[in-house]
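Take a look at the chain below. Keep the sequence beside the picture as you read.

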Amino acid sequence: MWGDRGDLEASFLIYGTGCLNRTNPIKSLVKARLHPALEGTMRLLMDFNGREGSSFLGISKTITRKDEYYKRVWNLSEALSQQDALWAASLRAAEPLAEDRALGNIEFGKEADLLIIEKDYLTVPKNQIANIKPLLTMVGGKVVYEVEGVSRNPDSEPRPQISRR
């Protein structure tokens, strides 16, 4: 449903708009205590005009249920909360790969993969989620992307001590 313009128009022709109002029942899956994953939602996407989109565009669509081409909301009753969408894009995305013991959340003993973003994802208005920009990305404890000037010099201040439990 959230694919490109051609996918959306093909769905209209084949199934009609009524069917699109029943697609992607992700909230029903969460209510049924299943763990749907938003695999790939953090990758860079393109909008319908071919412009580079936000890495949060996919997660935004799961929350707002709005398509970028027709600007129409589809099946709003199946929209996820920002918290549920965050779980689906992190820990729940690691579960089908059997990687949830090593990935998916910040916990002692897990891989040090994390993303620092410019806004507070849980409090930003839903219609602004797609515009959130990453500031720093770490994979395996190493910085792989950084906006200039974001991280401090590690030698400038003492590092906090992390105690093992």
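This report covers a sheet, a hairpin and a helix in a predicted model.

## The sheet

Three strands make up an open sheet. Their order is β1-β2-β3, and they pair in the antiparallel sense. In general, strands of a sheet pair through backbone hydrogen bonds, either parallel or antiparallel.

Which strands stand at the edges? They are β1 (114–117) and β3. Each has a single partner strand, so one side of each has no neighbour in the sheet. From one strand to the next, the twist averages 20 degrees.

## The hairpin

Now zoom in on β2 and β3. Strand β2 spans residues 134–139, and strand β3 spans residues 142–146. Four bridges join them in an antiparallel pairing. Two of the residue pairs can be traced by name. T137 has Y145 in β3 as its bridge partner. V139 stands opposite K142, also in β3.

Two residues lie between the strands of this hairpin. At G140, phi is positive, near 60 degrees.

## The helix

Next comes helix α4, which runs over residues 82–89. Which of its residues are buried? They are Q82, A85, A88 and A89.

How values were computed
Residues numbered from 1 in each chain as written. Predicted model: local features only at pLDDT ≥ 70, side-chain atom pairs only at ≥ 80, totals over all residues. Heavy atoms only, no water. Pairing = 2+ DSSP bridges. Buried < 20%, exposed > 50% of the residue type's maximum accessible area, 1.4 Å probe, protein only. Axes fitted to C-alpha atoms, helices over the stretch in contact; angles between N-to-C directions.
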